[in-house]
Amino acid sequence: MRAPTVRRPQATAGVLVVLALVLGQWLHQQLPERADASRPFEEPVAVGGTASLRSGDVEVLSVDGAPSVARKNGPVLLSPGLFVAVEFTFTPRGESSSLRYGELRDNSGRVLPFFGSSGRSSIDCVGRLVDRPTRCLAVVEADPASLAGAGLAVAPSDIDERWDSMAVVDLGIDADDVTEWSARKQFLDLPQAGVMTRTEAP
Amino acid sequence: MTSTMEHRRGWWRRNRWGLVALPLALVLALAAGSSRLHEYWWKRGFHEQAPVSSGVATLTDEYDDGYLRYPIEARYSVASFRPADDVTLYGGDPLPSGVRAWRLSLAVEADPDVALSGCTVALVDTAGNRHGATDSGLDVDAPRLASCVPESTPGPRTTYGSTAPPAVPDGEDPRPPTYRTDTVFVLPAEAVPAAVRLWYALPRYVELPVDASAD
Amino acid sequence: MTGAEDNRLRRWVLRLSRTLTLRQALSAVAALVVLASGLFGGLATARTSGPTELVAGEQVHAEPFDVTVERARWLTDLGLEGETPRGRYISVVATIKNTSDHPVYRSEIRDTMRLHGLDGVFRRESGKETGPSEAATPRVLVVADASELASAAPGLEYEVVFLWEQAEYMPVPEDATVAVAARTWRQSTLDDQYLWFDPTVTHAGSIAIEKAKEES
């Protein structure tokens, strides 16, 4: 008696299903890991330079620090560590947009996120007219020992910074800056954020 | 040889419906996995333009937050659009150099029972940039807030946090069936306005051309 | 399995059943299960339940903070601008130091401390709802600048005041139990984000509540 020929396609189908599963598993392993695949596009920039993001341009104006800061018409804050204030401008592209996310990347590799335009660590950056720079301010409170060599990253969304571009600012802080800032007795007057620094075309 | 050929032809014949269904199944499989495309792209951009005929756009939309639903229906046309060089800042100071103000007057025709509060108005320039009415942050002495309805007779509106349908508050006159709304925009001086856009919830929007050469 | 092996197994089970009672067999199985559970931590020393004693002035560690509860006071006026008291304030002055490598934000800071055993305490920062102090969230102000501690940076030590408000009609409390909770930095099972989760009371102790010296 011969084995019936109809059995063969059924066996082939089974083998194909298994092969498809194997292929799927292999593909899943080959595809890049999620966190890595969805990382933001980092645009490095130093003080005085400009980073070009998807939603606009970030020009870093200055970096300063003190144990105490005063916001325009706001409270004076005192830190057991240091406040670092980074002044920059944001020139929105295509439409008005904001930068709402900041993170301190300290000298021991820690990533310390902050958001919100008030509080001890804050980012206040509303990009107003298209192609016109608006003044922005990021203030971050930190342990002085973590600051020499630290960087600051800013990005549009405070809830999801994946897949979008992110400016990574080299703050250029050295040990002498930290010593000098820590010794300051007078509070640091913070500039007013949210005003256009230039209304003429670039 | 011939038997193999016949065997092959037999296979194609036996599976012809399966083969026909295969591309369709592929399309269905892709569609089943496309919710992100809908949520993150389609619903967040300008994708469904309201039909325009002889300068009048007819918007048919719906408010729906999962608790409250009501229709949004109105016809829009540009009544006038021209530079507003007379506009100053509050207190009388002139606008800073490098920017220019434009005044838009929209004619709206809608059933007084339809709730129309809560729209967004913006100008689109010839370079494709979008400019909202409040973008500049300048203290302009003019109606800056995108006014979708007449100030004194806004018509039916909802109560925040309530699922009651929109209604005209007691003692308030109904909205007239036709009205005009004025909005002043501040744009970079070099921007040439090309169109006005108005929307309630994307992806649906109204776009009407404006003529910037009227000065 | 071959027929010969099958037979041998059957003979072995038969012999076993003659030497062992059912009860003995079950006990043996149970013993094996307990021993096997040791592989997964079943034989580890059980944690004694309940929080450790908290004493004023002594530092304890409740992840991510080193916490030293200094004192508790009640007062009627904070001396802050724009403050309309709803009742009397009950404050616990403490120093907290973030010893972790991550910032700690407002809600986690607030949930670090609870009062136990008081009633008529306003549940939230605003509103009229009162209830047992266990369910009342305090505000946390930095003593140095009277601002809210909305984020605690790693490595920094803040002197703060945990602030509750109690309805005036309640009798002035003489003491309360201060409970300090620790959290775990772990990945969310819902969206894979790393955050501070699982608040657990690790330290608790009774603290006397004295009347604060107020400038009149």
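## Close-up views of a predicted three-chain model

At 7% relative accessibility, B:Cys148 counts as buried. The model shown in every view is predicted.

**View 1. A disulfide joins B:Cys119 to B:Cys148.** The two sulfur atoms are 2.0 Å apart. The torsion about the S-S bond is about -105°, so this link is left-handed. The pair connects distant parts of chain B, 29 residues apart. B:Cys119 sits in the loop between strand S5 (99–109) and strand S6 (120–125). B:Cys148 sits in the loop between strand S7 (130–132) and strand S8 (178–188). B:Cys119 is buried, because its relative accessible area is 8%, and buried means under 20%.

**View 2. A:Cys125 and A:Cys136 form a disulfide in chain A.** Their sulfur atoms lie 2.1 Å apart. The link is right-handed, with 60° about the S-S bond. A:Cys125 belongs to the loop between strand S8 (122–124) and strand S9 (126–127), and A:Cys136 to strand S10 (residues 134–142), so the bond ties together parts that are 11 residues apart in sequence. Both A:Cys125 and A:Cys136 are buried. Over all chains, the count of disulfides is two.

**View 3. The largest nonpolar core has 36 residues.** The residues with the most contacts inside this core are C:Val92, C:Ile96, C:Met113, C:Leu149, C:Phe162, C:Trp164 and C:Val178. Several strands of chain C give two or more residues each, among them S2 (59–62), S4 (88–98), S11 (157–166) and S13 (194–211). The largest share, five residues, comes from S3(C). Another core, of 34 residues, lies apart from this one and includes B:Ala74, B:Leu104, B:Leu106 and B:Leu198. In soluble globular proteins, nonpolar side chains tend to be buried together.

**View 4. C:Leu149 and its contacts beyond four places in sequence.** Within chain C, the partners include C:Ile96, C:Arg106, C:Ile109 and C:Tyr158. C:Val140, C:Leu141, C:Val142 and C:Val160 are also in contact with C:Leu149. From chain A, A:Arg120 is in contact with C:Leu149. C:Leu149 is also among the residues with the most contacts inside the 36-residue core.

**View 5. Chain A meets chain C through 18 residues of chain A and 19 residues of chain C.** The area buried between these chains is about 1,300 Å². Carbon and sulfur atoms give 57% of that area. On the chain A side, A:Pro80, A:Arg110 and A:Arg120 lose the most area to chain C, together 36% of what that side buries. Two salt bridges cross this interface. The side chains of A:Arg110 and C:Asp101 meet in a salt bridge, N to O 3.0 Å.

**View 6. Chain A meets chain B through 12 residues of chain A and 18 residues of chain B.** The area buried here is about 1,200 Å². Carbon and sulfur atoms give 49% of that area. Two salt bridges cross the interface of chain A and chain B. A:Arg132 forms a salt bridge with B:Glu190, with the closest N and O atoms 2.8 Å apart.

**View 7. Chain C is divided into two parts, domain 1 (3–40) and domain 2 (52–211).** Their centres, taken over C-alpha atoms, are separated by 57 Å.

Terms used
Residues are numbered from 1 along each chain as its sequence is written. Chains are lettered from A and ligands numbered from 1 in the order in which they are written. This is a predicted model: local features need pLDDT of at least 70, side-chain atom pairs count only at pLDDT 80 or more; totals for chains, interfaces and linings use all residues. Side-chain values use heavy atoms; hydrogens and water are left out. A nonpolar core is a set of buried Ala, Val, Leu, Ile, Met, Phe, Trp, Tyr and Cys residues joined through side-chain atoms within 4.5 Å. Buried means under 20% relative accessible area, exposed over 50%, partly exposed in between (1.4 Å probe, protein chains only). Helices (H or I, at least four residues) and strands (E, at least two) are DSSP runs, numbered from the N terminus. Contact means heavy atoms within 4.5 Å. A disulfide is a pair of cysteine sulfur atoms within 2.5 Å. Domain bounds come from an automatic or database domain assignment. Buried area is the accessible area (1.4 Å probe) that two parts lose on being put together, summed over both. A salt bridge is a side-chain nitrogen of Lys or Arg within 4 Å of a carboxyl oxygen of Asp or Glu.
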